[in-house]
Amino acid sequence: MNDWSKAVIFDRVSKSFGPKQVLRDVSFQVVAGEALCVLGRSGTGKSVTLKLIISLLKPDQGRIWVEQDEITRLKPHELSRVRRKMGFLFQDAALFDSLTLYENLALPMLRLTEKSREETDFAVDKVLRQVGLAADKAKMPSELSGGMRKRAGLARALVLEPRILLADEPSSGLDRITASEIDELMLEQKATHKTTLIIVTHDVHGARRVGDRVAVFDGGNLIALGTAAEVAESENEVARRLVSEQ
Ligand SMILES: Nc1ncnc2c1ncn2[C@@H]1O[C@H](COP(=O)(O)OP(=O)(O)OP(=O)(O)O)[C@@H](O)[C@H]1O
Ligand SMILES: [Mg+2]
């Protein structure tokens, strides 16, 4: 299991909230440097899966590895070291409302790294340019549109140059052009830094373009995992329908 070529391993993971079982005995492996797109109907445990990877949630059963660390065994102070390898774009962007856009991005750098103010400014400016928000850095989150907040959340996830990028619906609610710009940016990140991408999305078109493989969740189970072409041939009808472009 201690496999350096894997970025994330789920080994028979189950998770319930009260009587509701969200994930049932789920196992999969994400290869280092690949892009995995996660599809599934609403409420099928996609966001929960990402939160398990960054240990915001703990599984009831099963084991999870992030690179060589079995995070389900780590103590809280050891977890922060592993979390630092990961950038997380939350489904709702989760910016701090009382901080400007600049401060939202600078905060993790100043808190989690030894970087100076100048280095931080440079890195923040660079990533804001990449997402097209360089002119907006003094704005408060409330002054940003929904799409701008998404891009800001992505910028914050990228600013620490994570080895693994977890993005929860990075392009939902965006127009086609902006959505494909976000896809391009993530692909560029993967090509330049060999970043592993795990992207939850409802955008089949984007998933086919960005994902080396797609995973489909349904009813608490991982019902398909493979290339889009393989999943399109899946025996499971839900999986087939979810990857087929309307
Ligand atoms: N912290 C929590 N406490 C209780 N129930 C939760 C919690 N987080 C998620 N759930 C439940 O787990 C199930 C899966 O939630 P999840 O957010 O993973 O869905 P999803 O696949 O991301 O859906 P969507 O596409 O709508 O974002 C839902 O029934 C949800 O209500
Ligand atoms: Mg979700």
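S47 sits in helix α1 (residues 46–53) and Q91 in the loop between β6 and α3 (101–112), so the pair ties together parts that are 44 residues apart in sequence. S47 counts as buried, at 17% relative accessibility, while Q91, at 38%, counts as partly exposed; buried means under 20% relative accessible area, exposed over 50%, partly exposed in between (1.4 Å probe, protein chains only).

A word on the model: it's predicted, with local features needing pLDDT of at least 70, side-chain atom pairs counting only at pLDDT 80 or more, and totals for chains, interfaces and linings using all residues. Residues are numbered from 1 along each chain as its sequence is written, and side-chain values use heavy atoms, with hydrogens and water left out.

Now to the sheet. Six strands form an open sheet with mixed pairing, in the order β6-β7-β8-β3-β9-β10. β6 (86–89) and β10 (221–226) stand at the edges with a single partner strand each, so one side of each is left without a neighbour in the sheet. Helices (H or I, at least four residues) and strands (E, at least two) are DSSP runs, numbered from the N terminus, and two strands pair if DSSP finds at least two bridges between them.

Within this sheet, β7 (residues 164–168) and β8 (residues 196–200) pair in the parallel sense over five bridges, and L165 stands opposite L197 in β8.

Notes
Chains are lettered from A and ligands numbered from 1 in the order in which they are written.
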